[in-house]
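This report is written for a reader meeting the structure for the first time. Please look over the sequence and the model before reading on.

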Amino acid sequence: MKYYITTPIYYINDIPHIGHAYTTVAADVLARYHRKKGDEVFFLTGTDEHGAKIAEAAAKAGKEPQQFADELVPKFQDAWKNLNISYDEFFRTTNPEHEKLVQQFVSTLKEKGFVEKRKYEGLYCVSCEQFYKENELEDDKCPVHKREVTKHSEENYFFLLSKFGDKLLKKIKSGELEIGPETRKNEVVGKINSELEDVSISRAGVKWGIPFPGDPEQTIYVWVDALLNYYTASIIYSDKTLTPPLTPPRRGGGPEWPANLHLMAKDILWFHAIIWPAMLMAAELPIPKKVFAHGFFTINGAKMSKTLGNVIDPNDVVAKFGADAVRYALLREFPFGEDGDISVEKIASHYNSLANNIGNLLQRTISMIKRYNVTVISTEAEKSLIDNSVQDLSTLDRPRSRDDKIVKIDQELDQLDFMGALKKIDDIAIASNKDIADKQPWVLAKENKMEELSKVLIEAHSNLGVIAELLEPFMPETAEKMKKQLESLEPEPLFPRLEE
Ligand code: MSP
């Protein structure tokens with residue numbers, strides 16, 4: 001099966017923060033999980049580089065927007081490398097091929113009669129790149145950024161979104177367009193029922209953007225340009241459309257439209273669940289299969305902001321705790337889909353629980369296997385035994401049956417319940433640690449009950465193999481280290497004690 005998954009393309013007005021890392025890590029776990037299942041995965045992330053917000057940030061830095069973006073792109077790529085993100089392509093909206101395709105798409109919308117030029121008056125927030133109505137403001141300011149909005153009056157091109165309400169509802173109801181989680185889906189449906197207005201898709205005052213086809217005075221609204229990345233990538237990175245040797249071979253032959261899953265936070269669900277599918281329907285293209293919005297997190301209870309100085313740089317925490325512990329902490333702390341809170345202290349505490357649970361189990365199991373000279377079957381051989389037959393396994397005289405041991409997290413991962421999946425994995429280690437504490441192999445050794453002792457340790461060894469297997473999409477390096485140690489029986493701390 002083909003599996004095409006995306007993160008949002010992040011605005012390139014600043015360096016990446018832990019919020020960007022959150023979505024990207026979640027997408028990476030899914031990408032790795034699907035690759036493991038044998039799917040032909042294409043995982044896309046990238047940067048959103050046009051629009052007033054970027055132009056403003058570049059001007060502040062005294063740079064041309066393109067140069068400004070060029071300098072920031074490596075910051076994102078490095079952060080993702082440090083976090084072990086296995087994306088297949090890094091998309092940039094300043095890619096000339098994308099720019100051409102976006103213009104073609106807008107021309108198609110025009111040809112199909114879904115674009116109209118109108119005079120528009122509204123209150124604009126540059127940070128959101130969005131117009132607001134008077135009653136949507138809080139203290140006359142943008143409700144999201146609390147910054148002054150500016151009165152804009154201009155002639156714009158409008159996309160006739162209002163024509164798509166019923167069609168969207170039908171697709172959502174039939175499940176052709178899946179929106180998750182359920183509560184957010186209901187919000188979207190409510191919004192469609194109450195207020196689907198046409199949206200402006202061009203800007204007269206924004207120079208840093210893709211020229212609007214047929215009107216050199218206007219540029220294409222940055223959100224139209226940005227959303228289209230998901231689709232244009234499927235043309236740009238498809239081996240079918242470009243000729244070798246210009247195209248490096250893509251995993252699975254490149255992404256195939258429609259995407260299986262767009263991941264993002266709730267702040268931009270509206271664009272993904274309403275405007276984007278409507279645009280695609282207008283152009284008679286397939287719509288994405290699923291759009292999922294996770295929650296927003298605060299840092300120690302406060303909104304993350306530069307002014308508050310509480311922004312967590314993913315590189316800093318990776319340097320302290322390693323990529324895997326950060327990946328684990330982000331997804332283990334609170335349920336995906338809900339709002340939550342994170343902090344460096346919370347990440348540290350997850351690191352310690354990993355050390356005390358899985359780390360400790362590995363260390364003590366391998367040390368005792370060596371000390372008491374227990375023969376364990378190599379994980380590979382063991383795996384094939386488990387896969388082959390229950391009968392074979394029973395000859396090993398296991399303390400537990402095969403069915404008991406096989407823990408599956410497929411359902412959790414298919415439902416994007418990362419926390420539930422990680423809890424299940426943790427629970428295997430908790431139970432296995434308890435089993436060792438209960439049966440006390442060191443006492444069994446003294447009493448010379450070698451057979452019983454072997455059983456306990458073989459069991460723990462086998463559980464660790466299962467843990468490593470299940471952890472792989474979440475903590476690829478740790479899983480690898482575990483497997484190596486289970487083979488070589490050379491123990492080495494997975495999560496060494498932190499220096500204060
Ligand atoms: N450029 C647009 C997206 C275009 S996609 C076609 C954009 N960029 S952004 O840089 O502002 O990134 C928004 C996304 O970053 C959120 O949807 C979410 O994925 C992530 N997050 C940013 N801050 C976050 C939190 N505080 N908490 C959780 N996720 C956060 O919007």
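This is a predicted model: local features need pLDDT of at least 70, side-chain atom pairs count only at pLDDT 80 or more; totals for chains, interfaces and linings use all residues.

## Domains

The protein chain is split into domain 1, residues 2-295, and domain 2, residues 344-488. Between the C-alpha centres of domain 1 and domain 2 the distance is 43 Å. Twelve residues from domain 1 and eleven residues from domain 2 take part in the contact.

## Ligand site

The ligand has 23 residues around it, and Ile9, Thr23, Asp48, Ala265 and Asp267 come nearest. By type, the shell around the ligand holds 14 nonpolar, seven polar and two charged residues.

Polar atoms of several side chains lie by the ligand. A polar side-chain atom of Thr23 is 2.5 Å from an oxygen atom of the ligand, and a polar side-chain atom of His20 is 3.3 Å from an oxygen atom of the ligand. In the side chain of Asp48, an N or O atom lies 2.7 Å from a nitrogen atom of the ligand. The ligand taken alone exposes 670 Å², and the protein buries 94% of that. Two or more residues of the shell come from each of β1 (2-11), α1 (18-36), α7 (222-227) and β12 (261-265). The most come from β1, which gives four residues.

## Asp28

Asp28 sits in helix α1. Is Asp28 buried or exposed? Its relative accessible area is 0%, so Asp28 is buried. Leaving out residues up to four places away in sequence, Asp28 touches Phe43, Asn84, Ile85, Ser86 and Arg327. With one of these, Ser86, the contact is polar and runs from side chain to side chain at 2.6 Å.

## Asp88

Asp88 belongs to the loop between α3 (65-82) and β3 (89-92). Asp88 counts as buried because its relative accessibility is 17%, and the cut-off for buried is under 20%. A polar contact of 3.4 Å joins the side chains of Asp88 and Arg35. A polar atom of the Asp88 side chain also lies 2.7 Å from the backbone nitrogen of Phe43. Phe43 is among the residues touched by Asp28 as well.

## Helix α8

Helix α8 covers residues 229-236, and seven of its eight residues are buried, so the helix is largely enclosed by the rest of the structure. The buried residues are Asn229, Tyr230, Tyr231, Thr232, Ala233, Ser234 and Ile236.

## Backbone details

Most residues other than glycine have a negative phi, and most peptide bonds are trans. Where does the model depart from this? The bond from Gly180 to Pro181 is cis, with omega near -5 degrees, and Pro181 is in the loop between β7 (178-180) and α6 (182-194). The bond from Trp257 to Pro258 is also cis, with omega near 5 degrees. Pro258 is placed in the loop between α8 and β12.

Asp139 has a positive phi, near 50 degrees. Asp139 lies in the loop between β5 (130-132) and β6 (150-159), and with a relative accessible area of 74% it is exposed. Gln440 has a positive phi too, near 45 degrees. The loop that holds Gln440 runs between α17 (418-439) and α18 (441-446). At 32% relative accessible area, Gln440 is partly exposed.

Terms used:
Residues are numbered from 1 along each chain as its sequence is written. Side-chain values use heavy atoms; hydrogens and water are left out. Buried means under 20% relative accessible area, exposed over 50%, partly exposed in between (1.4 Å probe, protein chains only). A polar contact is a pair of N or O atoms within 3.5 Å; within protein, one must be able to donate a hydrogen and the other to accept it, and residues adjacent in sequence count only if both atoms are side-chain atoms. A residue is near a molecule or strand if one of its heavy atoms lies within 4 Å of it. Accessible areas come from the Shrake-Rupley method with a 1.4 Å probe; for residues, only the protein chains shown count as cover. Ala, Val, Leu, Ile, Met, Phe, Trp, Tyr, Cys and Pro count as nonpolar, Asp, Glu, Lys and Arg as charged, and the others, Gly among them, as polar. Domain bounds come from an automatic or database domain assignment. Contact means heavy atoms within 4.5 Å.
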